[in-house]
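Here is a short briefing on one protein model. Look over the sequence and the structure first, then read the points below.

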Amino acid sequence: MNSTPDAIPDLLDKVTNLAKRRGFIFPSAEIYGGFRSTYDYGPLGVNMLRNVKQAWWRSMVQTRSDIVGIDAAILGPPAIWAASGHLETFTDPLVDCKRCKERWREDKIDGVCPNCGSTEFTEARAFNLMFKTQAGPVEGEGATAYLRPETAQGIFTNFANVLATVRKKPPFGIAQVGKSFRNEITPQNFVFRTREFEQMEMEYFVPPADADEWYRYWIDTRLAWYVDLGIPAEQLRLHEHLPEDLSHYSRGTTDVEFAFPWGFDELEGVANRGDYDLTQHAKASGVALDYFDPTTNERYTPFVIEPAAGATRAMMAFLLAAYHEDLVEGESRTVLRLDWRLAPYQVAVLPLSKKPELEDVSREVLGILQPHFMCDYDVTQSIGRRYRRQDEVGTPYCVTVDFDSLEDRAVTVRDRDTTEQVRVPIDGLLASLRERTGQS
Ligand code: ATP
């Protein structure tokens, strides 16, 4: 069952096609010919992306008492990005192919132009990835603003605000989920690398002496999150950066990598950022960003451990890992074996026929389930076809209402993975589904 992604030929194409065909992810502005690697999330995709973010928020904020959330602005003044180092160093090496004139990110092409095969390039120059814009109607230096290229800085700039309002003491964290923007030189591989994407980042502030221990803790915790949500452990690995490859702020970085169809690649980075960010913003703003420990009478600048994940990239990994083709009663089917917490719909209510007698009881069943589960309701085509359609979008349970339901007040629950069907009384349906999903 746990085939690795590269065991399925053309997996990336298959998932990309399914995503479009079934309303997960559409190329943006398609009616105008598309717009440079931007994507829109359709009716099923928006559910799944919300579920990914919700699963992260649940594990990072809801079920912990040491982490609080924030939602900071996307637009920011140059001062933030000067202090953080982004204005100067948030660059990728840009080269032009001398033959076909395509532009590439030098560190991603191994010296060969992916377009024409040439090995001759211009000298690499530093290309800043931040989107610059203008805030307000008057142009000029004072109006310059940037779209954030990461959510982290909005956490650092609010460190003192949060500390003053929620009375946390290190070790404690601030979490944020939201859009980030990077003018990537070569966006690629579906939603793996796009110019507009969503991040899930958490800055965990700790006494400096404990930083290494917390760094290890967050590497393990974050790896376990992906496994818990259904990615087979053998499709994940850790990659620790060599000291010479570390970013300017980092004292240690380990990536959680997933076996994408083109090889292992980054899902998330966990970094020990030391006191770099708080020190830089304190210096630049003149506002103290430190912590006074009343028990030891010591004032210090906490170190920061940062697990930084991509929500859209994680969604893609969950889709790839879930995609399977198997045989059911001699017929091939495509099935997304998504964890029920991530599936766009957790339950599909399917009246066996369109006959009006079944409508009332079907709507009644839907009404019982909808407050608790995201439900689809589908009356079109044969029941076999509808099961396949739900398998293909990862719906864990189908509830079929048939003519016997009118007599026995029971329905058939079908399991996506085993295709097993059991009869369940309508009165016990909610409890049964809650039990199956480990909620009772
Ligand atoms: P890379 O070196 O691949 O450009 P990075 O190491 O700079 O990425 P981080 O700054 O660590 O990436 O960002 C944290 C996470 O945000 C990444 O692990 C990834 O999941 C996500 N992410 C970063 N850039 C993009 C992008 N352009 N599109 C989609 N997700 C992204």
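A residue counts as buried under 20% relative accessible area and as exposed over 50%, and it is partly exposed in between. The model is predicted. The briefing covers charged pairs, the ligand and the nonpolar cores.

**Charged pairs**

- Side chains of opposite charge can pair when their charged atoms come close.
- A search of the whole structure finds 34 salt bridges.
- One of them joins arginine 105 to aspartate 107, with the closest N and O atoms 2.9 Å apart.
- Is aspartate 107 buried, exposed or partly exposed? Its relative accessible area is 45%, so aspartate 107 is partly exposed.
- Arginine 105 has a relative accessible area of 12%, so arginine 105 is buried.
- Aspartate 326 and arginine 333 also form a salt bridge, at 2.8 Å from N to O. Both of these residues are buried.

**Around the ligand**

- How many residues surround the ligand? There are 16, and the closest are Glu184, Arg193, Thr194, Glu266 and Leu267.
- A side-chain N or O atom of glutamate 184 lies 2.7 Å from a nitrogen atom of the ligand.
- A polar backbone atom of phenylalanine 192 is 3.4 Å from a ligand nitrogen atom.
- Leucine 267 uses its backbone too: a polar atom there is 2.8 Å from an oxygen atom of the ligand.
- Taken alone, the ligand exposes 610 Å². The protein buries 85% of that area.
- Glutamate 184 also has a protein partner: its side chain meets that of arginine 193 in a salt bridge, 3.6 Å from N to O. Both glutamate 184 and arginine 193 are buried.

**Nonpolar cores**

- The largest nonpolar core has 61 residues. Phe24, Tyr226 and Phe318 have the most contacts inside it.
- Which helix gives this core its largest share? Helix 9, residues 311–322, supplies ten residues.
- Leaving aside residues up to four places away in sequence, phenylalanine 318 touches Met48, Val52, Trp225, Tyr226, Leu229, Ile231, Leu338 and Leu342.
- Another core lies apart from the largest one. This other core has 19 residues, among them Val365, Val411, Val424 and Leu433.

How values were computed
Residues numbered from 1 in each chain as written. Predicted model: local features only at pLDDT ≥ 70, side-chain atom pairs only at ≥ 80, totals over all residues. Heavy atoms only, no water. Core = buried A, V, L, I, M, F, W, Y, C linked by side-chain atoms within 4.5 Å. Buried < 20%, exposed > 50% of the residue type's maximum accessible area, 1.4 Å probe, protein only. Helix = DSSP H or I, 4+ residues; strand = E, 2+ residues; numbered from the N terminus. Contact = heavy atoms within 4.5 Å. Near = heavy atom within 4 Å. Polar contact = N/O pair within 3.5 Å; in protein donor to acceptor, adjacent residues only side chain to side chain. Areas by Shrake-Rupley, 256 points an atom, 1.4 Å probe, with all protein chains shown as cover. Salt bridge = Lys/Arg side-chain N within 4 Å of Asp/Glu carboxyl O.
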